[in-house]
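Notebook open, model loaded. I'm jotting down what I looked up, helix packing to begin with.

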Amino acid sequence: MGKAAKAKRIPSYGEAYFCVVLVFGIVIGAMVLGIPVQATMLFAAIIAAAFAYNLGYTWVELEKAISAKLGHLAPTVCILWLIGLYLGANMFSGTLPLLVKYGFEIISPKFLYVSALLVCSALSVLTGSSWTSVATGGIACMTIGRILECNDAIMAAAIISGAIFGDKISPMSETTNLAPACVGNDLWSHVYSQLYTTMPAWLIAIIFYTVLGLHSGGLAEAPDSAVAVIAQLDEIYNLTPVLLLPVVVLLVLAVMQKPPIPSLIISSALAVICGVVFQGPAFTMKVGTIAAISGFKVTTVAPQGMDILYEVSYLLNRGGMISMANTVMICYTGFSLTAIMIRCGILDKAVEPLMNFANTRVKAVFTAEIAIFVVHAVAGISYLSSVFVGAAWKKCYVKNKLGLPALSRTLEDVGTTVSCLFPWGQSGAFYMATLGVSIYGAGGYFKYLTLSYMCPVIALLLAAFNIGMFNLSDEEQAKLMAEIESEEGSVESMAELEAEGKAG
């Protein structure tokens, strides 16, 4: 006779909390030691699998759960690869350098802070990267601001707020694609849902930085360093307005709500063609293809003997599908971990007390915001908070008849906006190092981060007044609950399996 299958059982609170604490402890400890987050997530998944095995689950069952979870991730992974393709192709064509040049030229000394906000907002929306926005337009704004003796902390906050704005709503942003993938809704509904919180917060930020900058003044021209960057870009590229065509096409397709994958492919292909047609002889189809796949390198197209400025190299040497590999690996390892913890009931059990408390719209949003903030503060990156909280709070939102776009919006209302507040986190460290401004202290920028503070507050107000919550009908709620229970294994089916095991 074959060996009887081990009976499955529901984890106790002690087991659930011990597993969650152990998993997070491993992730945090490994990151402190400088171990890549992908490796730590993989090891944490192994630990979670050991707990699942102790609860009666086989590897075949866990593998099926992981496969189902990663299957939902496939469109997001494709988009992430294509974002790298898009950035590399548009660096090759000169499209993004042209946008940077325009950004330099429209900065207004009279309204310096709000100009910085608007420039970095535009760059971040068009590139999908808050870091690129800060490292290009942000550095230019900081340089101009210091020459004009502006307040460094206010300037840094305006730059970061603009960068975060684009990072939240750009369809090219990694976080904008990851958040809906974590809860199971589509990209465009997620982008639309974010307008409810992000646009009001952005308008408040515009008023705030305009008021702060009304008395600023000084030089009407860009500093020498910015002029040198623009001049070298002009030497490398033929920066003509026709290069805006790939961006215009992508924006038109986005407004028409066309699928993002073919939209990115069309825009990227058009960018390579523009580079070959409108740039110099060094801009060949081979170089453009390599830039789109492996990343753009300015030395491959710059005039021979040119001494490339550091700022220009930092600006241009990026993109390519391969550049997205780290993010994709984080997605795969993180989703594998949560798939295991969901399938064996550990995650559901750990958050059960909060779920019992979160029995209203406001409580659901508030507890999710707190959880995201805590996970983000502990881990230092928004990816983990999106992956963990997105999975853990999905049932809570559905029980309160809140649509999935409301949950994916919450992931970014806190996860994306507070990343600049943690000096030990990736974004916080990057912003401090790039802009040369501390987060806290007398000269810290945390006091002026209007957008970061307003988004979570507006989200709670929307929940209180039931505005933009994408409320579910009874039929939609029942369908989503059935999907969630199918994914994690309902309590009833676990009990039935346990009974069968005892009977055997």
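Predicted model: local features only at pLDDT ≥ 70, side-chain atom pairs only at ≥ 80, totals over all residues.

**Helix α3 and its partners**

I started with the contact between α3 and α12, where P75, C78, I79, L82, I83, L85, Y86, A89, N90, F92 and S93 in α3 meet P260, I261, L264, I265, S267, S268, A271, V272, C274, G275 and V276 in α12. Contact here means heavy atoms within 4.5 Å. Helices (H or I, at least four residues) and strands (E, at least two) are DSSP runs, numbered from the N terminus.

Residues are numbered from 1 along each chain as its sequence is written, and side-chain values use heavy atoms, with hydrogens and water left out.

Next I checked the geometry. The axes of α3 and helix α12 (residues 260-278) are 8 Å apart, and the packing angle is about 15°. Axes are lines fitted to C-alpha atoms, for helices over the stretch in contact, and angles run from 0 to 180 degrees between N-to-C directions. α3 and α12 are therefore roughly parallel to each other. For the wording, angles under 35 degrees count as roughly parallel, over 145 as roughly antiparallel, 65 to 115 as roughly perpendicular and the rest as oblique. α3 passes α12 in a left-handed crossing. Left-handed means the near helix is turned anticlockwise from the far one by less than a right angle, and right-handed means clockwise.

I then turned to α3 and α15. These two pack at about 150°, with axes 9 Å apart, and are therefore roughly antiparallel to each other. Their crossing is right-handed. On the α3 side the contact uses L62, A65, I66, K69, L70, L73, V77, L80 and W81, and on the α15 side the residues include A325, Y332, F335, I342 and R343.

I picked out S336, which sits in helix α15. Is S336 buried or exposed? S336 counts as buried, at 14% relative accessibility. The cut-offs are under 20% relative accessible area for buried, over 50% for exposed and in between for partly exposed (1.4 Å probe, protein chains only). Leaving aside neighbours within four places in sequence, S336 touches I66 and L70.

**α15 against α19**

The axes of helix α15 (residues 325-343) and helix α19 (residues 382-392) come within 10 Å and cross at roughly 30°. That makes α15 roughly parallel to α19. α15 passes α19 in a right-handed crossing. From α15 I listed T327, I330, G334, F335, L337, T338, M341 and I342, which meet Y383, V387, F388 and A391 in α19.

How many residues of α19 are buried? The count is 11 of its 11 residues. The buried set includes the serines S382, S385 and S386.

**Core and overall numbers**

The protein has 25 helices and zero strands. Buried residues make up 57% of its 504 residues. Of the contacts with a separation of 6 or more, 81% are between residues 24 or more positions apart. The accessible surface comes to about 20600 Å², and 67% of that belongs to carbon and sulfur atoms; areas come from the Shrake-Rupley method with a 1.4 Å probe, and for residues only the protein chains shown count as cover.

The largest nonpolar core has 164 residues, and I236, L316, W393 and Y445 have the most contacts inside it. The largest share of this core, 15 residues, comes from helix α3 (residues 59-93). A nonpolar core is a set of buried Ala, Val, Leu, Ile, Met, Phe, Trp, Tyr and Cys residues joined through side-chain atoms within 4.5 Å. I followed Y445 out: beyond four places in sequence, its contacts include A153, I160, C420, Y431 and I439.

I noted K401 for a positive phi of about 60° although it is not a glycine. K401 lies in the loop between α20 (394-399) and α21 (404-415), and is partly exposed at 29%. N466 is not a glycine and has a positive phi of about 55°. N466 lies in the loop between α23 (450-465) and α24.

Last, I checked S486, found in helix α24 (residues 474-488). S486 counts as exposed at 60% relative accessibility. Its C-alpha is 9.2 Å from that of R343, 143 residues away along the chain.
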